[in-house]
Amino acid sequence: LQNHSLVPFPPGCYDAAGSQSDGAPLSMAPTRHHVLVAFERRLVAVNAVTGDLALDLDPVDAVNRAAVGVRAQAQVQAQAQAQAQVKAGDTVNSNGRLSEPLEDAGSNACLATDEVVGVSFLVTTRGHVLKVVAKDEDKDAWRSYLARHDFARALSHCVTAAQREEVHCAQAERAMAVNDAGKAARCYAKAGDFIDADVVVKIFKDAHEVDALETYLRRRLELREADGAPADDPAARQLAAWLLDLNIARCEDAAMKSREFDDDEFDDEFEFIARGHLQHFIHEHGARLDFDAAHAELTRRGRADDAAHLREAAGDWDGAMRHWLSVRRDPREAARVFRNPRMPP
C-alpha cells in the first residue's frame, strides 16, 4: 500500500474505561471524503482525512422522525377515522389522533454505497432503509488536505482563487522550511495578494536567497501583468522597482568581483552578463517603473548608458538618441535605437 494511514474511531465510541461503548462496528461504507460506520444502535460519519466526527445519528430516532412526518401528512385523512374511534370508545391523544408508541427501528444491519449517484443506504434488522446523502462534502476538503501538507489534492479541491492562494502560500512556507528556496519563490508568486510582497522580499533577503528573490519578483510581476494590471498599477510598479535595484546591485557586485581576477577577457564577460540582464529587464519591464525615480537612481549610481536604455523603454526617443550620439558618440547604438520597431516614423 502507498500513502496508507489509519483513521481512528471518533470520540464517543469509547467509555471511560477505554472500551468500545457501542460494541464493534458492524458495517462500513466510504463516501468521497468520509467513512460511514454502523454500530448496533448508532451511525457515525468520520472524515477520512482528519478523522473528525462529522455525523452521529441514532437511526431509531431518524426512523421515527420520518414516520411522524408521514403521519403528519396523513393527519387530515385520519381525523375522520379518529373521531369515529372516539365514538367507539378508543383512546386518542391531545391532537385528536390515535395514540401510538414510537416504532422500534431495530438494530443496524449493513451499509452500502451507490457510487454512481454517491448515496449511501443503512438497512436495519426491522427492514427499514435509511438514505444518507452527503451535501457540500467538498466544501472544506481542501483545508483538510492542506492540514496534512497534501498540496496537490488541496489545490484540486479549491473552489475560489483565495483558497488556491492560501494553499500556495502554505506550500511556499513548507518549501522554505526544507531549504528549497527556488520552489518557495514560485509558490509565493502564485500566492498573489494573500501575503504582502514586502513580507516575501524580507523572507528571501533574511535568508540571503538572492536568486530566489529575483525569481519571485519576476514571476509575480509577470503574473500581475497577465492578469491585466493597468500601466499605473502600484503593486506592479513596486515589484519593478525592487527588480531594478536587484539588477543594479548585481552589476555592481559583478564589477567588484571582476577586479579580483587578472584575466581581462574574463572580467569583460563577467560584467557583460550582469549588464545584459539589467538592460533586458529595462526593455522588458521599464515601462512599469516610475521613470523619474528610476532615471535618477541609475544616474546616481553611475549607469548613464542604462539610463539611456530606460529612456528608450519609456518612449523618450530623442533623449536616447541624444545620449548615444552626443554623449557617447556611439553611432552603432544610435542606429539600434533608430531600428527599434516601437519608434514612431
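Q: In S2, which residue is the bridge partner of Ala-29?
A: The model is predicted: local features need pLDDT of at least 70, side-chain atom pairs count only at pLDDT 80 or more, and totals for chains, interfaces and linings use all residues. Residues are numbered from 1 along each chain as its sequence is written, and side-chain values use heavy atoms, leaving out hydrogens and water. Strands (E, at least two residues) and helices (H or I, at least four) are DSSP runs, numbered from the N terminus. In S2, Ala-29 has as its bridge partner Leu-36.

Q: How many bridges join S1 to strand S2?
A: Two strands pair if DSSP finds at least two bridges between them. S1 and S2 (residues 34-39) run antiparallel. The number of bridges that join S1 to S2 is four.

Q: Which strands stand at the edges of the sheet?
A: The sheet is open and has four strands in the order S1-S2-S3-S4, with antiparallel pairing. An edge strand has a single partner strand, so one side of it is left without a neighbour in the sheet. The strands in this position are S1 (27-30) and S4 (53-57).

Q: Is Phe-39 buried or exposed?
A: Buried means under 20% relative accessible area, exposed means over 50%, and partly exposed lies in between (1.4 Å probe, protein chains only). Phe-39 lies in strand S2. Its relative accessible area is 1%, so Phe-39 is buried.

Q: Which residues does Ile-282 touch, not counting residues up to four places away in sequence?
A: Contact means heavy atoms within 4.5 Å. With residues up to four places away in sequence not counted, Ile-282 touches Leu-244, Leu-298, Asp-306, His-309, Leu-310 and Ala-313.

Q: How many residues does the second, separate core have?
A: Beside the core in which Ile-282 is among the residues with the most contacts, there is a second, separate core. Its members include Ala-29, Leu-36, Ala-45 and Leu-57. The size of this second core, in residues, is 10.

Q: Against which helices do the buried residues of H13 pack?
A: The buried residues of H13 (residues 317-327) are Trp-317, Gly-319, Ala-320, Met-321, His-323 and Trp-324. H13 is followed by Arg-329, with a positive phi near 50°. The buried residues of H13 pack against H12 (304-314) and H14 (331-338).

Q: With which side chain does the side chain of His-323 make a polar contact?
A: A polar contact is a pair of N or O atoms within 3.5 Å; within protein, one must be able to donate a hydrogen and the other to accept it, and residues adjacent in sequence count only if both atoms are side-chain atoms. His-323 is buried, with a relative accessible area of 9%. At 2.8 Å, its side chain makes a polar contact with that of Asp-305.

Q: How far apart in sequence are the parts that Arg-288 and Glu-225 tie together?
A: A salt bridge is a side-chain nitrogen of Lys or Arg within 4 Å of a carboxyl oxygen of Asp or Glu. Arg-288 forms one with Glu-225, and the closest N and O atoms are 3.2 Å apart. Arg-288 lies in the loop between H10 and H11 and Glu-225 in H8, so the parts tied together are apart in sequence by 63 residues.

Q: Which helix holds both Arg-300 and Glu-297?
A: The side chains of Arg-300 and Glu-297 meet in a salt bridge (2.8 Å, N to O). Arg-300 counts as exposed at 61% relative accessibility, whereas Glu-297 is partly exposed at 23%. The two are three residues apart, about one turn of the helix, and both lie in H11.

Methods. A nonpolar core is a set of buried Ala, Val, Leu, Ile, Met, Phe, Trp, Tyr and Cys residues joined through side-chain atoms within 4.5 Å.
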